[in-house]
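This report describes the fold and the nonpolar core of a single chain. Please consult the sequence and the structure shown below.

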Amino acid sequence: MPTDGRILLHLRNVEVWQVELEQDEPLVARLRGLLSADECARADRLKRPGHGARWIVSRAALRILLCARLGCVPEEVPLDVAEHGKPFVAGTRLRFNLSHSGTLAVVAVAEDLAVGVDLERPGRNAAAVERTLSAGERASGDDLLQLWCRKEAWAKAIGGGLGWAPEAFDTTRVDGYALADLALAGGYVGALAVEGQDAAHTLCRLTF
Ligand SMILES: CC(C)(COP(=O)(O)OP(=O)(O)OC[C@H]1O[C@@H](n2cnc3c(N)ncnc32)[C@H](O)[C@@H]1OP(=O)(O)O)[C@@H](O)C(=O)NCCC(=O)NCCS
């Protein structure tokens, strides 16, 4: 793997990959083979039916998407975790973020610019979002789940900690980041945040 911050496949803009998490058992077993021992143990701790398998697929997808740019195999992607939980790969220009909800995951991959991504399954109760809205957000009349995803994506791009309060992220007055809504499969609601002024992205789909 290059050790000088180089990445092998240059990205023209941010890529957002959709990943279907419901996969058959033999495939899940193969994808599990791409994970570290710690990751396998984490999947095993997810006891609710299907949760462990879906988490395995999302983490394997992340490894597959990153390895192509790092010049290594998925098992060797040196995933690290920042202070507040945001995964990263040290010593490269690669930036990425992941979100999963229901049976879908999205992975945003970028070069040099911090990214955050969030998705929510359709029909999720969004009533609690109401009290976190700024005056501008309230006036926009935009869908509550969409507003929530924008806030979460922005917060996840920054990668902060538990001091994060959704009302502090007024998505009608974004500073230092650009936001974009994502047109996702199956009615899922999603948003992307990219450091800088431009959230142009390519929406892709990863199939195994
Ligand atoms: C961290 C947090 C944003 C995750 O959001 P969520 O809607 O529950 O779950 P999502 O599926 O969208 O995202 C989870 C993924 O985000 C990534 N992630 C975890 N912590 C993160 C952080 N602080 N910043 C950015 N990304 C983070 C991880 O990849 C994680 O998935 P994985 O553990 O399977 O790899 C959420 O737990 C949260 O809001 N925590 C409290 C406040 C907070 O710490 N916010 C962080 C942003 S400032």
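What share of the contacts in the chain with a separation of 6 or more comes from residues 24 or more positions apart? In this predicted model, such residues account for 62% of those contacts.

## Overall architecture

The chain contains 5 helices and 9 strands. Along the sequence, these elements follow the pattern β-α-α-α-β-β-β-β-β-α-α-β-β-β.

The radius of gyration is 17 Å, which agrees with the value near 17 Å for a compact globule of 208 residues. Along the principal axes, the C-alpha atoms occupy a box of roughly 50 × 40 × 30 Å. Of the 208 residues, 37% are buried.

## The nonpolar core

The largest nonpolar core comprises 53 residues, of which Val106, Val107, Ala108, Val115, Leu192, Ala193 and Val194 touch the most other members. At least two residues of this core come from each of several elements, including strand E5 (104–111), strand E6 (115–120), helix H5 (144–158) and strand E8 (189–195). Helix H3 provides the largest share, 10 residues.

Leaving aside residues up to four places away in sequence, alanine 193 touches Val115, Gly116, Ala153, Trp154, Ala157, Tyr177, Leu179 and Ala199.

## Helix H3

Helix H3 covers residues 51–70 and has 20 residues. From its first C-alpha to its last, the helix reaches 28 Å, close to the 28 Å expected at 1.5 Å a residue. Because 15 of its 20 residues are buried, H3 is largely enclosed by the rest of the structure. Just after H3, glycine 71 adopts a positive phi of about 75°.

Technical notes
Residues numbered from 1 in each chain as written. Predicted model: local features only at pLDDT ≥ 70, side-chain atom pairs only at ≥ 80, totals over all residues. Helix = DSSP H or I, 4+ residues; strand = E, 2+ residues; numbered from the N terminus. Expected span 1.5 Å × (residues − 1). Buried ≥ 20, exposed ≤ 12 C-beta atoms within 10 Å, placed from the backbone. Rg over C-alpha atoms; globule rule 2.2 N^0.38 Å. Contact = placed C-beta atoms within 7 Å. Core = buried A, V, L, I, M, F, W, Y, C linked by C-beta atoms within 7 Å.
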